[in-house]
Amino acid sequence: MNQVMSPVGVDNHFELLQMPVRFRLDLAELDRHYLEMQTRVHPDRSANLSDAERRLHLQWATLTNEAYQTLKQPLARARYLLKIRGVDTQEEDNTAMPTEFLLEQIDWREELQTAAGDRDACALGRLVTRLKVERNTLFETLATLLDDDHKLPAAAALVRQLAFLDKLGRDINDALAALED
Amino acid sequence: MLLQISEPGAPSPSQQTVRRLAIGIDLGTTNSLVATVEDSGTTVLADAKGRSLLPSVVRYHKDGEIEVGHGAKLYQSEDPANTFVSVKRYMGRGLSDVAARGEVPYRLVDMPGMVQFETVAGLISPVQVSAEILKALRERAEQALGGEIVGAVITVPAYFDDAQRQATKDAAALAGLEVFRLLNEPTAAAVAYGLDQAAEGTYAVYDLGGGTFDISILKLTRGVFEVLATNGDPALGGDDFDHAVYDWLCERNSYTALSAIDTRRLLSAAREAKELLSKLEEVDFHTEMSDGSIANIAIDRATFTRLTEGLVKRTLSPVRKALRDADLTVEDVKGVVLVGGATRMPIIQAAVAELFGQTPLTDLDPDKVVALGAAMQANLLAGNKTGDDWLLLDVIPLSLGIETLGGLSEKIVPRNATIPVARAQEFTTWKDGQTAMTIHVVQGERELVSECRSLARFELHGIPPMVAGMARVRVTYQVDADGLLSVSAAEQISGVEARVEVKPSYGLSDGEVARMIEDSYAHAKDDLEARRLHEQRAEAVRLLEATEAALAEDANLLDADEQASIFEGLRTLRAATEGTDWLAIKGAADALNELGTEFAARRMDLSIRTALTGQRVDALSI
């Protein structure tokens, strides 16, 4: 995809959507810029154009969606921000976590298992709410580390923790969805 | 055909005045419709007798004659094995998928990819049956509009998977229709509703058709229709309510093993009872069976409700799932639009009202709203300027994954991702010296590959022998704006070209579609040549117009030599279209496309740059 970007000198997702390169973003502004870009590049704009123009619209619209999805979700945004600053979050191979965090994880997992086993939608709903609060607190810290203190390795460690919570969130949602079947 | 040439820099006349005839088609399980945008507004096109609904029924005769619509429908009881209703349920489906649905009067034949029907006219694919319906609608539109159709938007259930979408596109190719876009039915309804009512906010579209159920949650803001999440059941619709009544009637009358003819008769009676019960508290009528005996069809609303409440419930769990995926609750939903004939049933309306805590919206005819929205989108895509302009952002309904060790599906593109979307992931070899890799593409939410739909299986060869785990095979999934997938894979480290591009297809390869087209002209070679010439000319006209329009806007991006070569390309193609050699036209069109590649790239750059500059000014002024 990079070769598509080079002719106009757009180096990263922030530039494509005209957002400042930082973690704290004005999401309403992001939405607006995304829609402005899609209005130009979406494949529906090229249905009656030549094959070459249709191919380019497909590529650019794909890229614009990728940029938007990355910047919209805080975890993906942090990961991406670290990446363009040359820091690998090592989510696959670095499993070192603070003991306290790991113990919390065990608690979360046990509660999820019990609630899912009991098919208790209310308990699962409470887990969703608590997890949201927990994540928001961590995102606040992450914003400080990334935008104010510029402590990138510490930010990467926090991203790894948030990735755990992200997975937990998906598993809770799956458990809720399973109640429908 | 004499084509006009416009001065570079001047707007092309074709852009200013002539409306390009574009149609929207709702290819439904029970009924199909075609609509178009005219100066007077958007209208559903009726047949010569003034009927807008075309029953999605096709009958095959021994002599090769094919009957579509009302005429065919009359024979569904008399000649059930050769008269196809609800063929949409079979699109992109294998025998094992449809067998679970119970008795049908057709002779099903298991074929790789998609089930086929044994008929008096030979083996017929569901794609061919659908193509006959599309042809009938195209002819209706051409008669009504008195001209050539340049393209169509064809609607599909939002929850259709890749196999079902591809089958629909194949049917359009067979029917000789240029498909501008496959559009999701609830999204089409939202466009029609949103433009008609100037609606803004979060809306749910509850679409219960003859054989499919969709729920889509959309955000409508000025000129933007953004699908947030979609869910559904591709094998649940009004037909199932008929079957519930039918089963009950069989039980009451102690019918076992009914003949195909009687099955069809009793199903028709069940459908009639269901429709009447939307207006009446109870119905009581008779229908004659083939042995002359009389079946009593007596049922009241309470019984009907009891028989079908399970079906109604089955629609509500996808609704809750879609809301959860959109991270919304029912309180966030401003309005619920009902789409599909089956939503006329009071039990459906009551269930929807109860779940959302509000009366659902029925301002637009639930049978027509999808076709109207499709027509509006077709008009927009054809490039007809209406003053109204909008952007439509849709999603992929089901996750796309790849089989990894242990028969597990690794998700590459998640469900509800906005399309077009591309995702790449790297995989490696399992054994030392492994030189090939099987890439198995699946669709669905389950973890086990065996519980997902298999879309394609292909092999990447020529990986240089390396130690296990060293190779880096990058697999890229690209989903286009029709929701259709293409897959490529390449080994990264070696630089050795080991690359495959695959468009999954289902029992029908491009070659087979071509063969079917040829077969349909088997006894008239001239016709096939005529069709090819016709198609190439249409394609050439589109390219000429597009190139002229591009030159009119941006000729300054080209130097004199480049302009001259594109003008030469235009002249050559124009000259070729006046001849009758379709291969020559194709050659000239390919050449012009090639010449225009660099020009297209510069135009795109300019457009992006303008967007970026515009936004920079915006950002500064805040």
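Tutor: Let us begin with pairing: two strands count as paired if DSSP finds at least two bridges between them. Please keep in mind that this is a predicted model.

Student: In β3(B), which residue is the bridge partner of Val37(B)?

Tutor: Strands of a sheet pair through backbone hydrogen bonds, either parallel or antiparallel. Here, the bridge partner of Val37(B) is Thr42(B). The two strands concerned, β2 (residues 31-38) and β3 (residues 41-44) of chain B, pair in the antiparallel sense over four bridges. A hairpin of two residues joins β2(B) to β3(B).

Student: What is the strand order in the open sheet of three strands in chain B?

Tutor: The order is β6-β5-β7, and the pairing is antiparallel. Strands β6 (66-68) and β7 (83-84) of chain B stand at the edges; each has a single partner strand, so one side of each lacks a neighbour in the sheet. Strand β5 (residues 58-60) of chain B pairs with β6(B) over three bridges, and within this pair Val58(B) stands opposite Val68(B).

Student: Which helix lies across β5, β6 and β7 of chain B?

Tutor: That is α4 (residues 126-145) of chain B, which runs at about 65° to β6(B).

Student: How should I read the packing of two helices? At what angle do α5(A) and α8(A) pack?

Tutor: One considers the angle between the axes, their separation, the handedness of the crossing and the residues that meet. Helix α5 (residues 74-84) of chain A packs against α8(A) at an angle of about 150°, with the axes 10 Å apart. Angles over 145 degrees count as roughly antiparallel, and α5(A) is therefore roughly antiparallel to α8(A). The crossing is left-handed.

Student: Which residues of α5(A) meet α8(A)?

Tutor: From α5(A) they are Leu75(A), Ala78(A), Arg79(A) and Leu82(A). Their counterparts in α8(A) include Leu152(A), Ala156(A), Val159(A) and Asp166(A). By class, the contact holds nine nonpolar, no polar and two charged residues.

Student: How do α9 and α10 of chain B lie to each other, parallel or oblique?

Tutor: The axes of α9 (residues 301-325) and α10 (residues 346-356) of chain B come within 10 Å and cross at roughly 40°. The two helices are therefore oblique to each other, and their crossing is right-handed. Thr305(B), Thr308(B), Val312(B), Leu316(B) and Val319(B) in α9(B) meet Ile347(B), Ile348(B), Ala351(B) and Leu355(B) in α10(B). This contact has seven nonpolar, two polar and no charged residues.

Student: How many helices and strands does chain A have?

Tutor: Chain A has eight helices and zero strands. Its C-alpha atoms fill a box of roughly 60 × 45 × 30 Å along the principal axes, and 30% of its 181 residues are buried. Of the contacts in chain A between residues at least 6 apart in sequence, 63% join residues at least 24 apart.

Note on methods. Residues are numbered from 1 along each chain as its sequence is written. Chains are lettered from A and ligands numbered from 1 in the order in which they are written. This is a predicted model: local features need pLDDT of at least 70, side-chain atom pairs count only at pLDDT 80 or more; totals for chains, interfaces and linings use all residues. Axes are lines fitted to C-alpha atoms, for helices over the stretch in contact, and angles run from 0 to 180 degrees between N-to-C directions. Angles under 35 degrees count as roughly parallel, over 145 as roughly antiparallel, 65 to 115 as roughly perpendicular and the rest as oblique. A crossing is left-handed if the near helix is turned anticlockwise from the far one by less than a right angle, and right-handed if clockwise. Two residues are in contact if their C-beta atoms, placed from the backbone, lie within 7 Å. Ala, Val, Leu, Ile, Met, Phe, Trp, Tyr, Cys and Pro count as nonpolar, Asp, Glu, Lys and Arg as charged, and the others, Gly among them, as polar. A residue is buried if 20 or more other C-beta atoms lie within 10 Å of its own, exposed if 12 or fewer, and partly exposed in between; C-beta atoms are placed from the backbone.
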